[in-house]
Amino acid sequence: MGWIIMCTIAFLLVLIFIPFNKYKSLYPMGLLSLVILYTIDSTFIELNAFSYSFANSKLSGLPIFYWLSGFASGMLLVYYYPSHKKWKFPYVLLASFLLLFLELIMVKLKYFHYHQWNLTKSYFLNIFGFTVVLWFSQFFDIPRKNDL
């Protein structure tokens, strides 16, 4: 149920905070976020670094609703990425911290389990994953809120 709630909130945030006419330009970043999320998490699951409760074996141990929430989260991440250079790195650090906070909640609720892992490693992995998504958004010149 926790993964369904997380996914629902992520998509509600997209509906509330991103104008509908921007979805078409942002959905490729949502798809890319799904690929990156799957690649990173399935690799670390395979390495027994961490695991999820209510995982789907066809998704290499990722819960389907957690994975789907990555689509909405990727769109939000890219849309609000600042244009001004001085705010880009703090934005990535803050977004990584917010995901880390959400992860900590899921650990406490026993939806996410550390094996050979900890919060510090998660924080740096979040920074890496977000940086990859944001790099691609700039490479493909995806419009952001401040570009409009």
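The legends below describe several views of one predicted protein model.

**View 1. The order of helices and strands along the predicted chain.** In this model the protein has 5 helices together with 2 strands.

**View 2. The overall dimensions of the protein.** The C-alpha trace spans about 45 × 30 × 25 Å along its principal axes. The radius of gyration of the protein is 15 Å, which agrees with the value near 15 Å that a compact globule of 148 residues would have. Among contacts between residues at least 6 apart in sequence, 75% join residues that are at least 24 apart.

View 3. Buried residues account for 45% of the 148 residues, while the protein as a whole exposes about 8,700 Å², of which carbon and sulfur atoms supply 72%.

**View 4. Serine 122 and the residues around it.** Serine 122 belongs to helix 5, the helix formed by residues 119–139. Is this serine 122 buried or exposed? Because its relative accessible area is 3%, and buried means under 20%, serine 122 counts as buried. When residues up to four places away in sequence are left out, serine 122 touches Leu100, Glu103, Tyr114 and Trp117.

How values were computed:
Residues are numbered from 1 along each chain as its sequence is written. This is a predicted model: local features need pLDDT of at least 70, side-chain atom pairs count only at pLDDT 80 or more; totals for chains, interfaces and linings use all residues. Side-chain values use heavy atoms; hydrogens and water are left out. Helices (H or I, at least four residues) and strands (E, at least two) are DSSP runs, numbered from the N terminus. The radius of gyration is taken over C-alpha atoms; the globule rule is 2.2 Å times the number of residues to the power 0.38. Buried means under 20% relative accessible area, exposed over 50%, partly exposed in between (1.4 Å probe, protein chains only). Contact means heavy atoms within 4.5 Å. Accessible areas come from the Shrake-Rupley method with a 1.4 Å probe; for residues, only the protein chains shown count as cover.
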